[in-house]
Amino acid sequence: MRLTLNVPPAWAAVDRGGLSMATIPGEPGEPELSLRWSGLEILPDDQKAWVQRNLTSGAAAARLDVVRDEMTTTTSGWPLRVVETKLVGGDGKVLEWRLAGFYAFFEHGAVAIARCAAEAPLRRHAAGLQEIFRAARPHWSDEVAALSQLWDVQTRQAAVATPAAAAAPAPDPAAIRAALDAELAELDAALAAAPTAAGQVQRGRILRDLGQLDASLAACQAAIALDPALADAHRGAGLTLARMGRDVDAIAAWEAAAAADPADVDALYNAGQAHYNRKAYADALRCWQRALERDARDFGLVKKVIQAQHALGHHDDAASTTELLRELWRTSTSAAVRLADEAIVDQFEVADVPVMVALTLRPPDPRSYAIYAFRAPATAKTPAVCVRIETSDYARERGVPFVLSVQRGRDYKALGTSEHLPAYPDLRTTAIRLITEAFGKPDPVAS
């Protein structure tokens, strides 16, 4: 996972060992600014110390004066803390000015810090830097289901949320649009003076955020014309085409991105998801397996392979891949993987209602938990339904550790026990039958 800052094309940016850095040009005779930001990390329990450590890093002999410290949000609604400071030496001379952004993404955090040896350049760029900070986005290498899991974790642990973050105002759509319009105008001026493929990619991203999809696609195509080998241009085209509902063309664009960048995993991931959404499960499986050849330890990809295998009825293959998934979860150093307490390993529909199947990785309570949970959301006529194969200390002590249950709204019912965990295909068939029956009953609240 990483933090994405969309810095202007004129700011030379490099990535070194997971740390991203950009140089902000200064006026003649003035020092340049430097901007650095890094990947996401699990937020520590003592977040005040985390902020202080980042602000004082490399400045042990200087006094840190805080000029301002305010809470706001990113344009996507994530909590953002902006801190402006100056480092003062023993003689009272200001050694360095800093503008820092501290982000909170669920239980993850990130930092972006701009530094300058003089006040004037920082002041001149302060407004633009704050807009870049506000437009920052977390890049998750997992599907939306993982975000749902993270949101569940955040809900359960709401008590540890900081009051300032909880009280942060909701983003203003008009302000977001104004910021994007201003960024687009600045970029258009730069491109008029010096057209670049990277600049056109960024222009396509802004236009996509503004909902101007035809113009966004044209910008991506202009980038491809300038540099056919630029993977980012093909990626951007794929994202825009997907937003336009042109899945087949989006798949072709992502395939082109994957061909242009042999290390690209996300493009094949996206192409596989587009195939999967079209119910072309064999094509989806091939895409995701190709992506795994590029990164065999990608937890999200392994989950997708399992989903495609189940969709194709290859349940034995899925069982083997599930063991790989468990091993990756146990040995991963990724913050997102460590945080996950379950994995979505299958998806299907029952009576036009989507069902997601969760495999428990870290039991919330080891004494009693669901091994698999088949979840169907509520509709206008019936409450949510969940079929589980559970285990508990009580059941284990009695020699029948596995309990099949169904919950419909608040109504819970245990249906039977067994000494052995049923095979997944049998569980799937049973769950489909029980969910079908549950959705055929009248809503107990309505009746």
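What follows is a short chat about the sheet, the cores, some aromatic pairs and a few single residues.

Visitor: What kind of model is it?
Guide: This is a predicted model, where local features need pLDDT of at least 70, side-chain atom pairs count only at pLDDT 80 or more, and totals for chains, interfaces and linings use all residues. Residues are numbered from 1 along each chain as its sequence is written, and side-chain values use heavy atoms, with hydrogens and water left out.

Visitor: Start with the sheet. What is the strand order in the open sheet of six strands?
Guide: The order is E11-E12-E13-E14-E15-E16, with antiparallel pairing. Strands here are DSSP runs (E, at least two residues) and helices likewise (H or I, at least four), numbered from the N terminus. Two strands pair if DSSP finds at least two bridges between them.

Visitor: Which strands stand at the edges?
Guide: E11 and E16 (411–418) do; each has a single partner strand, so one side of each is left without a neighbour in the sheet. The twist averages 20 degrees from one strand to the next, with axes taken as lines fitted to C-alpha atoms (for helices over the stretch in contact) and angles running from 0 to 180 degrees between N-to-C directions.

Visitor: How many bridges join E11 to E12?
Guide: Eight, between E11 (residues 342–350) and E12, in the antiparallel sense. Phe348 has Val355 of E12 as its bridge partner. The hairpin of these two strands has two residues between them, and Ala351 there takes a positive phi near 55 degrees.

Visitor: And on to E13?
Guide: E12 pairs with E13 (residues 368–376) over four bridges, also antiparallel. Val357 is bridged to Phe374 in E13, and Leu359 to Tyr372 in E13.

Visitor: Is E12 enclosed or open, and why?
Guide: Six of the eight residues of E12 (residues 353–360) are buried, so the strand is largely enclosed by the rest of the structure. Buried means under 20% relative accessible area, exposed over 50%, and partly exposed in between, with a 1.4 Å probe and protein chains only.

Visitor: What about the cores?
Guide: The largest nonpolar core has 60 residues, and those with the most contacts inside it are Trp288, Leu325, Val345, Tyr372, Phe374, Val387 and Ile435. Helix H16 (residues 424–439) gives the most to this core, with seven residues. A second, separate core of 27 residues includes Tyr103, Phe105, Cys116 and Leu129. A nonpolar core is a set of buried Ala, Val, Leu, Ile, Met, Phe, Trp, Tyr and Cys residues joined through side-chain atoms within 4.5 Å.

Visitor: What does Val345 touch?
Guide: Leaving out residues up to four places away in sequence, Val345 touches Ile306, Gln307, His310, Leu325, Val357, Leu359 and Tyr372. Contact means heavy atoms within 4.5 Å.

Visitor: Switching to rings. How many aromatic pairs are there?
Guide: The count comes to eight. Rings of Phe, Tyr and Trp (its six-membered ring) pair if their centres lie within 6.5 Å; planes under 30 degrees apart count as stacked, over 60 as edge-to-face and the rest as tilted. Tyr103 and Phe105 have ring centres 5.8 Å apart and planes at 10 degrees, so that pair is stacked. Tyr103 is buried at 1% relative accessible area, and Phe105 at 0%.

Visitor: Which residues of helix H1 are buried?
Guide: In H1 (residues 47–56) they are Trp50, Val51, Asn54 and Leu55. They cover an arc of only 130 degrees around the axis, which puts them on the same side of H1; the arc is that of the directions from the helix axis to the C-beta atoms. Strands that cover them include E6 (63–73) and E7 (79–88).

Visitor: Last one: Val337, buried or exposed?
Guide: Val337 counts as buried, at 8% relative accessibility. Val337 is in helix H14 (residues 335–339), and its C-alpha atom is 7.1 Å from that of Phe299, 38 residues away along the chain.
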